[in-house]
Amino acid sequence: MNKTAATVGIPSQEAPRKGYASGLVLATLGAIAFSGKAIIVKLAYRHGVDAITLIMLRMLFALPLFALMAWWAGRGKPALTGRDWLGVIGLGFSGYYLASFLDFAGLAYISASFERLILYLNPTLVLLFGWLLYRRRATRPQVLGMVVSYAGVLLVFGHELWTGGGGKGGGAAAWGAFLVFLSAVSYAAYLVYSGEFVKRLGSLRLVGLATTVACLLCILQFVLTRPMSAAFEVAPQVIWLSVLNATLCTAVPVLMVMMAIERIGPAVAAQTGMIGPLSTILMGVVILNEPFTPWIAAGTVLVIAGIFVFTRKGR
């Protein structure tokens, strides 16, 4: 009778294979769930809600989940120092409050597909920050990937201007694209400066704390700029969409991606995340009836190809 690997003391490869497969599934589902955020926001805008109220509702429902995440990850860990808290507040402001608000505001003017393509330029912005702050030189493949990716975004941007941004006008499309690009810049700044705090606090604890800060900032922004009655005047559909956004498209994919990184590593998880723009475009066409033109197809191919070259060859 043949002995199994476990019987003779040889490490079995079945568990790693299962872990790798589950990691790919988690990374894929996380990327699709993240990409659904833009679709939900566009659906909510159809009910006359503004960006400040909408993001407040999303963060209000997400707050308990992120606070629980921070508590869970911090069990038995040393308390944060004053310097740690300053870093968490700054990262929460940049990475989750400001980036989210600018993204929500921009989505009022551009399509969900175009928004996702702009946000997908994030790795190139991180590289630019590294060059400006630390003088890290870019490799030729990285430069090539950046050129190809930005060419794709400019192609779709030109099409949005030409067609008048889906009826809102070329100026509105330009303003929306600018806001979403600033959102990507804000999140890139978070990624650049978060490295030190990830090592000190751990990724799950940092995300839980930073997003909790962002939730509180979004709620504070609403309280300072809107009457409290505005929260009760929104359509019931906006409430349910915000609950869905807070859970399925915010908290759940955060956990999925982190679990995927533990199984397959950040590089493979990032490559798997390339399905995000494709899923956004598909959901935009099916759910929002957004047009799928050859310009959008060509721009998407260029952006994904450029980021693939950038992340794969630029290491």
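Predicted model: local features only at pLDDT ≥ 70, side-chain atom pairs only at ≥ 80, totals over all residues.
Residues are numbered from 1 along each chain as its sequence is written, and side-chain values use heavy atoms, with hydrogens and water left out. Local features need pLDDT of at least 70 and side-chain atom pairs count only at pLDDT 80 or more, while totals for chains, interfaces and linings use all residues.

Helix α2 covers residues 51-74, and at 1.5 Å a residue its 24 residues should span 34 Å, which agrees with the 32 Å between its end C-alpha atoms; the expected span is 1.5 Å times one less than the number of residues. At A62 the helix bends by about 40°, and the proline P64 follows within four residues; the bend is the angle between axes fitted to the seven residues ending there and the seven starting there.

The axes of α2 and helix α8 (residues 203-225) come within 7 Å and cross at roughly 150°, where axes are lines fitted to C-alpha atoms over the stretch in contact, and angles run from 0 to 180 degrees between N-to-C directions. The two helices are therefore roughly antiparallel to each other, a term for angles over 145 degrees.

Technical notes: Parallel < 35°, antiparallel > 145°, perpendicular 65-115°, else oblique.
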